[in-house]
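Okay, everyone, thanks for coming. Let me put the structure up and then walk you through it piece by piece.

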Amino acid sequence: MLKGIRFRAYPTKEQKDLINRTLGCCRLIFNEGLALREKAFKQGDKAGYTATSAMLTSLKKQDDFSFLKEVDSIALQQSLRDLDAAYKNFFQHRADKPVFKSKHNNHQSYRTINQGNNIRIEGNRLKLPKLGYVKIKQSMSVGYIHNVTIERTPTDKYFVILNVDFEPDTIISKGNAIGIDVGLKFFYSDSNGDIVANPKHLEKSFKKLAREQRRLSRKKKGSNNRNKQRRKVALVHEKITSQRDDFLQKQSTKLIRENQTICIENLRVANMLKNHKLAKCISSVSWRKFFNMLEYKAKWYGNTIIKVPTMYPSSQTCSICGYKNKLVKDLSVRKWECPVCHTKHDRDYNASINILQKGLQMQSA
Ligand SMILES: [Zn+2]
């Protein structure tokens with residue numbers, strides 16, 4: 001099994017400089033590759049990885065691009081593979097069309113592959129191609145390293161994410177099955193009648209984020225104050241991400257430990273992310289992360305995740321008699337009584353029971 005482990009890194013000034021140049025080169029190659037593929041795409045040709053790979057080889061031979069030889073060559077190839085994967089996802093309707101990368105993006109990272117043990121940990125240092133030994137804060141032991149992502153945050157912190165071999169401990173499952181209904185009011189409601197609320201400290205941080213973003217929008221473009229404010233916004237963002245990930249890790253582990261089978265909705269995240277309402281957008285990112293965690297943990301520990309199709313009207317269907325009540329479509333309806341069997345329903349609890357029943361039905365079909 002594989003697992004991603006993130007450690008803080010403390011590169012020297014020279015190493016930082018090289019990391020930043022590598023990020024720039026990977027961005028350049030990604031963007032050049034994207035332009036090439038866009039042009040081919042317009043001419044009706046879906047030029048793939050081989051075309052962009054030939055482009056990289058030819059660029060490296062040109063004097064104007066000699067700086068490409070100074071950085072990790074595997075990382076450059078990797079950015080083209082990422083582009084290729086992005087196109088595949090787009091062609092298969094799993095993601096939006098890839099877009100050009102900017103140095104102003106919050107997310108700056110590059111990936112490199114371990115070849116012949118050229119990436120390894122020695123003492124408190126990680127050996128990386130071209131960079132040499134980079135100091136890291138290692139919080140746990142790791143198995144064989146397959147690849148490494150080097151990341152720079154908007155607040156100029158550096159991290160390495162190691163993709164490593166690992167042996168999961170065996171969890172003795174209690175054999176339970178559960179249905180999960182994620183929502184905006186609560187983080188989720190389950191078919192046992194339990195509710196997990198959105199953490200209060202996260203809501204507080206979101207309010208702070210909105211406040212700092214408003215302040216940023218009032219600062220003059222290009223001014224020193226604007227840059228300072230941008231850093232403030234980035235710091236709140238970082239805090240939210242770490243608080244949220246911590247919450248999601250705990251919740252997903254709890255579900256996996258307590259249940260053998262977990263039924264969830266197959267959310268179409270690509271559509272949801274187009275929603276510009278902040279709260280909704282943040283929730284949908286959390287749900288996607290949460291479901292990803294459930295899926296990889298289920299693989300580690302041998303649980304089953306069943307995804308119920310989004311078309312299934314889990315909120316509107318009476319979980320007792322199966323009557324479909326269209327009036328419940330309105331999100332403001334929190335409680336309703338079934339006109340046929342007169343069961344009184346709580347919207348989310350009823351939906352989670354339906355998700356469980358539908359999931360189990362799909363499993364036995
Ligand atoms: Zn009913």
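**A walk through the fold**

Let me start with a pair of helices: H2 crosses H3 in the right-handed sense. Before I go on, please keep in mind that this is a predicted model.

Back to that pair. H2 covers residues 49-61, and it packs against H3 at an angle of about 155 degrees, the two axes being 10 Å apart. An angle over 145 counts as roughly antiparallel, and H2 and H3 are therefore roughly antiparallel to each other. Who meets whom? On the H2 side you have Tyr 49, Thr 52, Ser 53 and Leu 56, and on the H3 side Leu 76, Gln 77, Leu 80, Arg 81, Leu 83 and Asp 84. Sorted by class, that contact has five nonpolar, three polar and two charged residues.

Now, H3 has another partner, H1. The axes of H1 and H3, where H3 is residues 73-91, come within 9 Å and cross at roughly 40 degrees. H1 and H3 are therefore oblique to each other, and H1 passes H3 in a right-handed crossing. By class, the contact of H1 with H3 comes out at ten nonpolar, three polar and one charged residues.

Let me zoom out for a second. How many helices and strands does the chain have? There are eight helices and 14 strands. The C-alpha atoms fill a box of roughly 80 × 50 × 45 Å along the principal axes. Of the 365 residues in the chain, 24% are buried. And if you take the contacts between residues at least 6 apart in sequence, 64% of them join residues at least 24 apart.

On to the sheets. One of them is an open sheet of seven strands, and if you read across it the order is E2-E6-E7-E1-E5-E4-E3, with antiparallel pairing. Which strands stand at the edges? Those are E2, residues 108-113, and E3, residues 120-122; each has a single partner strand, so one side of each is left without a neighbour in the sheet. On average, neighbouring strands of this sheet are turned by 35 degrees against each other, ignoring direction. H1, residues 13-42, packs on this sheet, where it touches E2, E5, E6 and E7, and the direction of H1 makes about 90 degrees with that of E2.

Is Tyr 158 buried or partly exposed? A residue needs 20 or more other C-beta atoms within 10 Å to count as buried; Tyr 158 has 19, so it is partly exposed. Setting aside neighbours within four places in sequence, Tyr 158 is in contact with Ala 9, Pro 11, Ile 19, Glu 151 and Arg 152. Tyr 158 and Ile 136 are 22 residues apart in sequence, with their C-alpha atoms 9.5 Å apart in space.

Then there's an open sheet of five strands, in the order E10-E9-E8-E11-E12, and here the pairing is mixed. E10, residues 195-196, and E12 are at the edges, each with a single partner strand, so one side of each has no neighbour in the sheet. For the antiparallel sense, look at E9, residues 188-190, and E10, which pair over two bridges; Tyr 188 has Val 196 as its bridge partner in E10.

For the parallel sense, go to E11. Four bridges join E8, residues 176-182, to E11, and Ile 178 has Ile 262 as its bridge partner. E11 also pairs in parallel with E12, residues 304-308, over five bridges, with Cys 263 opposite Ile 306. Five of the seven residues of E11 are buried, so this strand is largely enclosed by the rest of the structure.

Last stop: helices on this sheet. H5, residues 224-258, lies across E8, E10 and E11, at about 125 degrees to E11. H8, residues 347-364, lies across E8, E9, E11 and E12, at about 130 degrees to E8.

Technical notes: Residues numbered from 1 in each chain as written. Predicted model: local features only at pLDDT ≥ 70, side-chain atom pairs only at ≥ 80, totals over all residues. Pairing = 2+ DSSP bridges. Axes fitted to C-alpha atoms, helices over the stretch in contact; angles between N-to-C directions. Contact = placed C-beta atoms within 7 Å. Buried ≥ 20, exposed ≤ 12 C-beta atoms within 10 Å, placed from the backbone. Parallel < 35°, antiparallel > 145°, perpendicular 65-115°, else oblique. Left-handed = near helix turned anticlockwise from the far one by under 90°. Nonpolar A, V, L, I, M, F, W, Y, C, P; charged D, E, K, R; others polar.
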